[in-house]
Amino acid sequence: MEINLISDTVTKPTQEMLEAMFTAKVGDDVFKQDPTVNELERYTASLFGKEAALFFPSGTMANQTAIRLHTKPGDEVICDKWSHIFLYEGGGVAANSGVSCHLVDGSRGKITAQQVKEVINDPEFYHAPVTRLVSLENTTNKGGGACYDLSDMQAIGQVCEEHGLKYHLDGARLWNAMIAKQQNPKDFGRLFDTISVCLSKGLGAPVGSVLVGSAEDMKKAMRVRKLFGGNMRQSGYLAAAGLYALQHNIQRLSKDHERAQDLAQVLSKKEWVMTVEPAETNIVIFTLKPTVNEQDFIEKLKQKNILISSMGQGKLRMVTHLDYRQVMHDYVMEVLDKL
């Protein structure tokens, strides 16, 4: 059996999720006539205490739509140097919205209120771009699934309010953060102007993300989604998977977190490992000692039917997920222990 720990995006729908998809009531979502999409949007908005939500084919499109909503060409977005919107969205901030990023050197992908305050441009200084938006990522992907404390996000929110800045959360793995920190989604809803959440990572749906915000912003987001080519027709078949995931797969994320901590613990004891970052959620990032060839190590695991990924700069990554079962976990732990 192949054990894929490359990402939590590799999951396949369970039989129960497939049944929900096959029996979904559908219509034409471009005309807002798909009842299952409408239900998913209402349900997600209500979770966060927001007025409205919009279903997207991908988290990248949801994030890019939020940036387009909150900025004008020439503006600047404050984000961490490891942010997904900067590193892994194809330069979309520039191509789609004509804005630049002011990169902050945070800790494991997390930035502080003081750091934000220090890089806000003086709006009267016309030589510099206008600072318009602060974007956080929770959990942080390249930061190894690190989670913000709510108080830290609230402090940044206070800075945004004082300076008239919009506040967006890339919450692709926000479900993991909320389980790990025992947080309430409505706390996030009160804090951010917009939040994107992914259904196809830890929650196990095959595709899709949702953007939540005010009714006015989501009305504008519909136009942006159309512009970006994201309108779909009978997308209720996909939305049904997302709705099932939200209603059945959130609490079980704690099991993924436990297994990630097990992996981190066994790695930390191996003499060929140099560093292991704290495994707060379902991502384990580690580095090898200089005497160990990274590609040889990845290949050795592959020969034992275990797939992991390299994030560059010596960082290796394992991600636990819905399809990573206990029997697989036992085998991986044994292989790592004997290497």
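This is a predicted model: local features need pLDDT of at least 70, side-chain atom pairs count only at pLDDT 80 or more; totals for chains, interfaces and linings use all residues.
Q: What makes Thr 11 count as buried?
A: Buried means under 20% relative accessible area, and Thr 11 has 8% relative accessibility, so Thr 11 counts as buried. Thr 11 sits in the loop between strand S1 (3-4) and helix H1 (15-22). Leaving aside residues up to four places away in sequence, Thr 11 touches Ser 200, Lys 201, Gly 204, His 321, Leu 322 and Asp 323.

Q: Why is the pair of Arg 108 and Glu 277 called a salt bridge?
A: The rule asks for a side-chain nitrogen of Lys or Arg within 4 Å of a carboxyl oxygen of Asp or Glu. For Arg 108 and Glu 277 the closest N and O atoms are 3.5 Å apart, so the pair qualifies.

Q: How do you know whether Arg 108 and Glu 277 are buried or exposed?
A: The cut-off for buried is under 20% relative accessible area. Arg 108 comes to 18% and therefore counts as buried; Glu 277, with 17%, is buried too.

Q: What makes Lys 315 and Glu 277 a salt bridge?
A: Their side chains meet at 2.8 Å, N to O, and the limit is 4 Å, so the pair meets the rule. Lys 315 lies in strand S13 and Glu 277 in the loop between S9 and S10, so this pair ties together parts that are 38 residues apart in sequence. Both residues are buried.

Q: How do you know that domain 1 and domain 2 touch?
A: Contact means heavy atoms within 4.5 Å, and 17 residues of domain 1 are in contact with 23 residues of domain 2. Between them the domains bury about 1,600 Å², 52% of it on carbon and sulfur atoms. Two salt bridges are counted between the domains, and seven residue pairs are in polar contact across the interface.

Definitions and conventions
Residues are numbered from 1 along each chain as its sequence is written. Side-chain values use heavy atoms; hydrogens and water are left out. Buried area is the accessible area (1.4 Å probe) that two parts lose on being put together, summed over both. A polar contact is a pair of N or O atoms within 3.5 Å; within protein, one must be able to donate a hydrogen and the other to accept it, and residues adjacent in sequence count only if both atoms are side-chain atoms. Helices (H or I, at least four residues) and strands (E, at least two) are DSSP runs, numbered from the N terminus. Buried means under 20% relative accessible area, exposed over 50%, partly exposed in between (1.4 Å probe, protein chains only).
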